[in-house]
Structures are given as C-alpha cells and as structure tokens.
Amino acid sequence: MKSKLHFLVLIQCGLILSALLIRNGRLLLLAIPFLVYLIVGFIQAPEEIKLVADRTIDRTHANALELIKISILIKNQGITLVNLHLNDALYPSMELVEGLPHKALTLTAGETVEINYVFRAERGVYHWKTINACASDPFGLFDLQSELPAPGKVVVLPAPMRIY
C-alpha cells in the first residue's frame with residue numbers, strides 16, 4: 001500500500017470516529033467523499049496484468065561508445081489498464097542518447113505499445129531479463145506489480161586502438 005492510501009484511510013477513520021464520539025452527523029457527512037474515493041479506486045483497481053513483452057536489440061555486439069538501439073513491444077492480452085507504468089532498467093555505465101526507457105499510459109485490451117531508446121555504453125556485458133510493469137487504479141491507490149519476461153543481451157567490446 002502507498003502513503004496516499006494510508007493517508008486517506010487515516011482521514012476516513014478519523015472523521016468517522018470523531019463523528020461517533022461527539023455525535024455529530026454533519027461531521028459524518030464529511031467522510032462520504034473520502035469513502036467514495038476509496039471505493040471507486042478499489043473497484044477500478046486491476047486484478048491481474050496480462051502483458052507480453054518482446055525486446056529487439058539492433059545488434060548483439062558493439063564497440064565501446066557506439067550507438068545501440070533497443071525496441072520493446074508490449075501487447076495487452078487482458079483488460080484495459082488505466083494507469084500503467086512500464087520501466088526498463090538501465091545500467092549505470094549506460095548513457096541514454098535518445099528516447100526513454102520508461103512510459104506511463106493507458107493500455108486498452110488488445111492494444112500494443114512500443115518503447116524505443118538509444119544508448120551508448122562502456123565495455124561490458126549488458127543483460128536484461130524482464131521489464132517492470134506497474135498497473136493501478138486511476139487514483140494510484142492500489143498498485144499491482146509484475147515483471148514481464150523480455151530477455152536481451154549486448155556485448156560491448158573495448159574501443160579499437162588506432163596505431164599510427
């Protein structure tokens with residue numbers, strides 16, 4: 001649960017308890033909008049995430065600091081996800097050149113979305129297994145996390161030395 005949800009529950013309980021203790025119906029009426037807000041969030045919270053991800057990397061081997069393009073195709077095979085956040089992890093030695101490795105959107109049933117970004121990196125092996133997906137109700141009260149399998153690997157070789 002998030003702090004926003006805790007705050008709303010605390011306000012709700014405080015208003016109801018105060019109204020009962022001092023026997024004030026008007027104070028109890030103030031609790032109704034918060035209760036409706038919680039109920040709507042609970043009703044519209046996603047029950048499951050049915051997404052399929054496919055990662056495409058333009059090359060499996062590159063020299064240091066060469067541009068590498070990653071394209072991730074995500075298809076929704078479940079219900080409409082009103083508040084969806086997708087995030088692909090970046091390594092600290094990667095420098096993002098173009099695009100973003102994350103996206104926040106609404107994804108309807110059967111719809112497909114693509115995340116594209118270009119990076120350069122120092123030498124090393126860069127290996128991805130999953131993409132993080134977080135779906136929630138429109139108010140962001142009830143979250144549902146999922147790791148989508150999307151394997152990929154890039155081997156970045158040291159930059160070639162020029163001999164004069």
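**Ground rules**

I call a residue buried under 20% relative accessible area, exposed over 50% and partly exposed in between, using a 1.4 Å probe and protein chains only. By that rule Asp88, at 2%, is buried. I'm working on a predicted model, where local features need pLDDT of at least 70 and side-chain atom pairs count only at pLDDT 80 or more, while totals for chains, interfaces and linings use all residues. Residues are numbered from 1 along each chain as its sequence is written, and side-chain values use heavy atoms, with hydrogens and water left out. My helices (H or I, at least four residues) and strands (E, at least two) are DSSP runs, numbered from the N terminus.

**Entry 1: the Asp88 partner**

I looked up what Asp88 is doing with its side chain. I found a salt bridge to Arg55, 2.8 Å from N to O. The pair joins distant parts of the chain, with Arg55 in strand β1 and Asp88 in the loop between β4 and β5 (94–99), 33 residues apart. My cut-off for a salt bridge is a side-chain nitrogen of Lys or Arg within 4 Å of a carboxyl oxygen of Asp or Glu. Arg55 counts as buried too, because its relative accessibility is 8%.

Arg59 counts as partly exposed at 30% relative accessibility, and Glu66 counts as partly exposed at 27%.

Another is Glu95 with Arg120, whose closest N and O atoms are 3.6 Å apart. This pair also links distant parts of the chain: Glu95 sits in strand β5 and Arg120 in strand β7, 25 residues apart. Glu95 is partly exposed at 42%, and Arg120 is partly exposed at 24%.

β1 pairs with β3 in the antiparallel sense over seven bridges; I count strands as paired if DSSP finds at least two bridges between them. Thr56 stands opposite Ser71 in β3.

**Entry 2: Ser71**

Ser71 is buried, at a relative accessible area of 15%. Its side chain makes polar contacts with the side chains of Glu114 (2.5 Å) and Asn116 (2.8 Å). For a polar contact I need a pair of N or O atoms within 3.5 Å; within protein, one must be able to donate a hydrogen and the other to accept it, and residues adjacent in sequence count only if both atoms are side-chain atoms. Setting aside neighbours within four places in sequence, I list Asp54, Arg55, Thr56, Glu114, Ile115 and Asn116 in contact with Ser71, where contact means heavy atoms within 4.5 Å.

**Entry 3: the core**

The largest nonpolar core has 30 residues, and Leu51, Ile74, Leu86 and Trp128 have the most contacts inside it. Elements giving two or more residues to this core are β1 (51–57), β3 (68–76), β4 (81–87), β6 (102–107), β7 (112–121), β8 (124–136) and β9 (143–157). I define a nonpolar core as a set of buried Ala, Val, Leu, Ile, Met, Phe, Trp, Tyr and Cys residues joined through side-chain atoms within 4.5 Å.

**Entry 4: helix α2**

I checked the span of α2 (residues 25–43). Its 19 residues should span 27 Å at 1.5 Å a residue, and the end C-alpha atoms are 27 Å apart, which agrees. The expected span is 1.5 Å times one less than the number of residues.

Which residues of α2 are buried? They are Leu27, Ala31, Leu38 and Gly41, and their cover includes α1 (3–22). Asn24 caps the N-terminal end of α2, a side-chain oxygen lying 2.9 Å from the backbone nitrogen of Arg26.

**Entry 5: positive phi**

Most residues other than glycine have a negative phi, and I went looking for exceptions. Arg23 has a phi near 50°; it lies in the loop between α1 and α2 and counts as exposed at 78% relative accessibility. Leu65 has a phi near 70°; it lies in the loop between β2 (61–63) and β3 and counts as partly exposed at 47%.
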